[in-house]
Number of protein chains: 2
Amino acid sequence: MARQSFVFACHERPDGDCLGAALAMARAFRGLGKDVTVLSRDPVPEHYRFLPESETVLSTTPRRDFDVGVLVDSDMPKRVGDAAEAVTGARMLACVDHHLSSEEFGEVRIVDRAVSSTCELVVDLFDANDVPIDRETATMLLAGIIFDTGGFRYSNASARTFEIVSRLAGLGASPSAIAREVFESRPLRSVKLLGRALSSMQASDDGRIVWAQITCADYRELDADDADTEGIVNSVAAVKGPQVAILFRETEPGTVRVSLRSREGFDVNQVARVFDGGGHAAAAGCTLEGALEEAKSRVIEEVRRWMGS
Amino acid sequence: MARQSFVFACHERPDGDCLGAALAMARAFRGLGKDVTVLSRDPVPEHYRFLPESETVLSTTPRRDFDVGVLVDSDMPKRVGDAAEAVTGARMLACVDHHLSSEEFGEVRIVDRAVSSTCELVVDLFDANDVPIDRETATMLLAGIIFDTGGFRYSNASARTFEIVSRLAGLGASPSAIAREVFESRPLRSVKLLGRALSSMQASDDGRIVWAQITCADYRELDADDADTEGIVNSVAAVKGPQVAILFRETEPGTVRVSLRSREGFDVNQVARVFDGGGHAAAAGCTLEGALEEAKSRVIEEVRRWMGS
């Protein structure tokens, strides 16, 4: 009789939580003698290649005969991209997730919306099934918790989360080493780009809106590209006072990408949608054609309009 | 008989750890019916005013008759500034600290270099003496741990640290709310100062050292002062590659304050001590007299010397 086979599928643009949970479950099932495949349509980002066994992640597989297909950190098969067929072709479908969702995908649903991350949920799952956690597995799981709590800065990091982190650290996973890989390994050009953006910061007279910009000249002079701007809007938003923070990126002459962040319930998604963009109430984005100064005026004006000021 | 009196003295430019520990001990001793004063020569920075009872901190006192004077998060009376006289004038001297130091100040020394922070040490101290920790005290202590571990990003955040954090969170302290106050509530001038510092970043040819600077002109043009530079060195250190990151602050013409951070075991305390400064292996500081460029050359040269390159 053939070994039981499992396929774990990451969502598109895989992050630390999805990779950590998929790799941890894959390692556990391999340890139980199962035939295991981990799939991710998009490649493992460079700053997650420190994860043990991240090199085993495949971008695709021709197989459609898995016994169990598991969606990890997502319960929408469409978020899995090309890997969806391998999962939906499996004899049994499962999902392991902590997101809110309208769909109810999978015969086996291990979903808990109260935990910080899918990795935190996997710790519970391992405990309930007496699956031991070794140092490598602890590192995988801790990476997911660290990513999904924004390095323990979001309110989803609960007393229970910290208890689990303490345990994973005791098993040999290093919170500081993981945080450094995930959050503090920017190339110099990216840090200098952040510097230029923050130097450019301005606030509206009433202090309710702040914005920063990155120009074509900044990209060119620092030999940087748009991938180097990841996370910069969060630094713009880390200023005290304003309700809305905006980063304008002139990615090429005549094209301005706009990232919006809000606090205290202001809905930036409404603003982004005016310019055919979208997102969530607290984080949204859009792209405008035209000159940088014009794009700034239009977006700031729209924010003011929604503020009713 | 008069109530026993205590004075707790913060070091200059008080940070979250020193304030959290001093306020937590003050609250505990007040609860025991003692007469308690908390001193800090420099004002409580705006982003620490969320700390319960931070409004009780005095900048000075004429009293020299305290029963017990306690240096908090420092064992060098000179770091206490003007408050030193009130402490050294007390009948008994104590220090509660977690720093490496060459001095052995105080008749009562509660010093543990293995803990993340003075606040972590105070938790142990409270436990050993059956001092209960309420929600307010938990917030004070957690603020110190969060500040001194860089938001749990330094290697001093141990399994035991996270266990304590879990407990403090369970007592009602909010890690996410504290992290937001400590790290994400900077005044605009401070964020712009960060921007200028990061824009100025340079790396040595071999990539092992990076540095950034803040000049007198930067302070003046942004109407900022040295308190606005808190944490900037950590952003300088968040670049991928180098072993040592340095921030040079020309606080006034002819005075250059230097903050050093290291990775991978390089001991920046050794470097700081050459210039009569100090700190930890991974984080240290010193002050040089002279021009900015000269200070930069001297410190970078000294780092190179210790690197053996």
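pLDDT is the predictor's confidence in each residue, from 0 to 100. The legends below describe a predicted model. Chain A has a mean pLDDT of 92. In that chain, 98% of the residues reach 70 or more. For the complex, the predictor gives an ipTM of 0.83 and a pTM of 0.83.

**View 1. The five-stranded sheet of chain A is open and parallel.**
Its strand order is 2-1-3-4-5. Strand 2 (35-39) and strand 5 (108-111) of chain A each have a single partner strand, so one side of each is left without a neighbour in the sheet. Direction ignored, neighbouring strands of this sheet are turned by 15° against each other on average. Strand 4 (residues 92-97) of chain A runs parallel to strand 5 of chain A, and four bridges join the two. Within this pair, A:Cys95 stands opposite A:Arg109 of strand 5.

**View 2. A:Ala9 sits in the largest nonpolar core.**
This core holds 195 residues. A:Ala9 and B:Ala9 touch the most other members. Which residues are in contact with A:Ala9, leaving aside its neighbours within four places in sequence? They are A:Leu39, A:Gly69, A:Val70, A:Leu71, A:Val72, A:Val80, A:Ala83, A:Ala86 and A:Val87.

**View 3. The six-stranded sheet of chain A is open, with mixed pairing.**
The order of its strands is 6-7-8-9-11-10. Strand 6 (202-203) and strand 10 (278-279) of chain A are the edge strands, and each pairs on one side only. Strand 7 (residues 209-214) of chain A runs parallel to strand 8 (residues 244-252) of chain A. Six bridges join these two strands. A:Gln213 stands opposite A:Phe248 in strand 8. A:Ile214 stands opposite A:Arg249 in strand 8.

**View 4. Strand 8 of chain A is mostly covered.**
Seven of its nine residues are buried. Helix 7 of chain A lies across strand 7 and strand 8 of chain A, at about 135° to strand 7. Strand 8 also pairs with strand 9 (residues 255-262) of chain A, in the antiparallel sense and over eight bridges. In strand 9 of chain A, A:Val258 is the bridge partner of A:Phe248. The hairpin of strand 8 and strand 9 of chain A has two residues between the strands. In this hairpin, A:Gly254 takes a positive phi near 90°.

**View 5. Chain A meets chain B.**
The contact takes 36 residues from chain A and 36 residues from chain B. On the side of chain A that touches chain B, helix 5 (159-170), helix 6 (175-183) and helix 7 (188-199) of chain A each give two or more residues. Helix 7 of chain A has the largest share, nine residues. By type, this side of chain A divides into 20 nonpolar, nine polar and seven charged residues.

**View 6. Helix 3 of chain B has a buried stretch.**
Helix 3 of chain B spans residues 118-128. Its buried residues are B:Thr118, B:Cys119, B:Glu120, B:Leu121, B:Val122 and B:Val123. Their cover includes helix 1 (16-31), helix 4 (135-148) and helix 5 (159-170) of chain B. Strand 3 (68-72), strand 4 (92-97) and strand 5 (108-111) of chain B are also part of that cover. Just after helix 3 of chain B, B:Asp130 takes a positive phi of about 55°.

**View 7. B:Asn234 lies in helix 9 of chain B.**
Helix 9 of chain B covers residues 232-236. Why does B:Asn234 count as partly exposed? A buried residue needs 20 or more other C-beta atoms within 10 Å, and B:Asn234 is partly exposed because it has 19. Leaving aside its neighbours within four places in sequence, B:Asn234 is in contact with B:Gly150 and B:Arg261. B:Leu141 is 93 residues away along the chain, and the C-alpha atoms of B:Asn234 and B:Leu141 are separated by 22 Å.

Definitions and conventions
Residues are numbered from 1 along each chain as its sequence is written. Chains are lettered from A and ligands numbered from 1 in the order in which they are written. This is a predicted model: local features need pLDDT of at least 70, side-chain atom pairs count only at pLDDT 80 or more; totals for chains, interfaces and linings use all residues. A nonpolar core is a set of buried Ala, Val, Leu, Ile, Met, Phe, Trp, Tyr and Cys residues joined through C-beta atoms within 7 Å. A residue is buried if 20 or more other C-beta atoms lie within 10 Å of its own, exposed if 12 or fewer, and partly exposed in between; C-beta atoms are placed from the backbone. Two residues are in contact if their C-beta atoms, placed from the backbone, lie within 7 Å. Ala, Val, Leu, Ile, Met, Phe, Trp, Tyr, Cys and Pro count as nonpolar, Asp, Glu, Lys and Arg as charged, and the others, Gly among them, as polar. Two strands pair if DSSP finds at least two bridges between them. Axes are lines fitted to C-alpha atoms, for helices over the stretch in contact, and angles run from 0 to 180 degrees between N-to-C directions.
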